[in-house]
Amino acid sequence: MPSNKSVSDAPIVQFTNCRILRGHRLQREDLWVREGKILNPEKLFFDEKGSADIQLDCKDSIIAPGFIDVQINGGFGVDFSLATEDFKSGIDLVSQKILSHGVTSFCPTLVTSPPSVYHQVLPQISIRNGGAHGAGILGAHLEGPFISKEKKGAHPEHCLRTFEAGAFQDLLATYGSLECVRIVTLAPEMKRSSEVIRELTKQGICVSLGHSVANLSQAEEAVQHGATFITHLFNAMLPFHHRDPGIVGLLTSDRIPAGRRVFYGMISDGIHTNPAALRIAHRAHPKGLVLVTDAIAGMGLAPGRHTLGQQVVEIDGLNTYIAGTKTLSGSVATMDTCVRHFQEATGCSVETALEAASLHPAQLLGIEHKKGTLNYDSDADFLMLNDDLYVQATYIAGEEVWRQDAFSL
């Protein structure tokens, strides 16, 4: 009888006694992994006549896809918007530390900065797979500087820019390169933004609408030109108004091109968005909700003064303000905290809460065939969680990269 070695010499690991999030529900079945991918056990048994080399008892844990954070400005003392000499070691530190919070891939996010910062920092960000060294990097998220002065939030006004005669060329000159860029947040009401949105979309970059005073028709036009995301819904945009709901209106707009879905980021930290607003958004458009941390350098550190790009911010409990003001500036919440708060605030199912931090961000970035699910042949990036959604262990490409001390298989 041919063994599984006829196909591959790599060991097959079978995770048993677990509930797997697959097909939008928790299913009591085993998870099979080989060479960093999730295996179809039927193919393994019937085509290869193979069996497991290693069996691991998961002690009734939930197994869910790894979390994907598409908006994280830094953490643990590291600020992605600061051009430091040891930038690379900073990004390595954050990617290592977020493993304990269930994040297996992320988009390092830069807030509005002078062109010199983009020119220095962006060449130091490289797209890479995750592993024992840390979470994978999916590409940078550039939030600004092409945003509204009125809704700048924690972004420094003197660095804001508009699209001049060159439009897309202005954007290229500001950033220096788009090589590792995955998401650009801009204000769609700006003159010439349509051609910029079209060009970015053509290059496979996700355009997000945010820090904006756009009305609904301007937002709909931006989506018709290719925009697919809303940066931290409700924050740094016009408040919902029944006669013109602004960007928020995209959640129930009937002018979204057929076959397209608008996604929206939510900072579910209990501070940036009232639980009632979280519930309204989720009930209006559940399939578009993407949990983001919007975490700043102060995440994981004691309260006090920290940075967010060009600004000094003050952490007071879970609140983060521009120093000396009451302007919120990012968050210090971790992704697993956001998932738990989202479930508690909305009363949604465990499956829904987990998919908002995994499947939906993967769909937004167009990588759901590889990440964000536990489908056969997808990357074996997954978490073990207890029933209260606390992370017990994190796996990337089928290898354990973090484990809570008290939990051992």
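I began with Arg340, which is buried at a relative accessible area of 16% (buried is under 20% relative accessible area, exposed over 50%, partly exposed in between, with a 1.4 Å probe and protein chains only). The model is predicted, so local features need pLDDT of at least 70 and side-chain atom pairs count only at pLDDT 80 or more, while totals for chains, interfaces and linings use all residues. Residues are numbered from 1 along each chain as its sequence is written, and side-chain values use heavy atoms, with hydrogens and water left out.

**Entry 1. Salt bridges**

I looked up the partner of Arg340 and found a salt bridge with Asp336, the closest N and O atoms being 3.4 Å apart (a salt bridge is a side-chain nitrogen of Lys or Arg within 4 Å of a carboxyl oxygen of Asp or Glu). Both residues lie in helix α8 (residues 335-346), four residues apart, about one turn of the helix. Helices (H or I, at least four residues) and strands (E, at least two) are DSSP runs, numbered from the N terminus. Asp336 is buried too, at 8%.

The count by this rule is 15 salt bridges. I noted Arg34 with Glu48, 3.0 Å from N to O. This pair links distant parts of the chain: Arg34 is in strand β3 (residues 31-34), and Glu48 is in the loop between α1 (41-46) and β5 (54-65), 14 residues apart. Arg34 is buried at 8% relative accessibility, and Glu48 is buried at 12%.

I also noted Asp379 with Lys371, at 2.8 Å from N to O; Asp379 and Lys371 are buried. Salt bridges that share partners join Arg19, Arg28, Asp60 and Asp387 into one network.

**Entry 2. Ser105**

I found Ser105 in strand β9 (residues 103-110), buried at 1% relative accessibility. Not counting residues up to four places away in sequence, Ser105 touches several residues, among them Phe67, Asp69, Gly136 and Lys371 (contact means heavy atoms within 4.5 Å).

**Entry 3. Domains**

The domain assignment gives domain 1 (13-64 + 373-403) and domain 2 (66-365); such bounds come from an automatic or database assignment. The contact takes 20 residues from domain 1 and 21 residues from domain 2. I read 30 Å between the two domain centres, taken over C-alpha atoms. About 1,700 Å² is buried between the domains, and carbon and sulfur atoms give 71% of that area (buried area is the accessible area, 1.4 Å probe, that two parts lose on being put together, summed over both).

**Entry 4. Cysteines**

I looked for disulfides (a pair of cysteine sulfur atoms within 2.5 Å) and the count is zero. For Cys58 the nearest cysteine sulfur, that of Cys18, is 4.4 Å away; Cys58 is buried at 0%. The sulfur of Cys206 is 8.5 Å from the closest cysteine sulfur, in Cys107, too far for a bond. Cys206 counts as buried at 8%.

**Entry 5. Helix α6**

In α6 (residues 216-224) I listed Leu216, Ala219, Glu220, Ala222 and Val223 as buried. Seen down the axis, they fall within an arc of 155°, so they line one face of the helix (the arc is that of the directions from the helix axis to the C-beta atoms). These buried residues pack against α5 (193-202) and β13 (206-209). Gly226 follows α6, with a positive phi near 130°.
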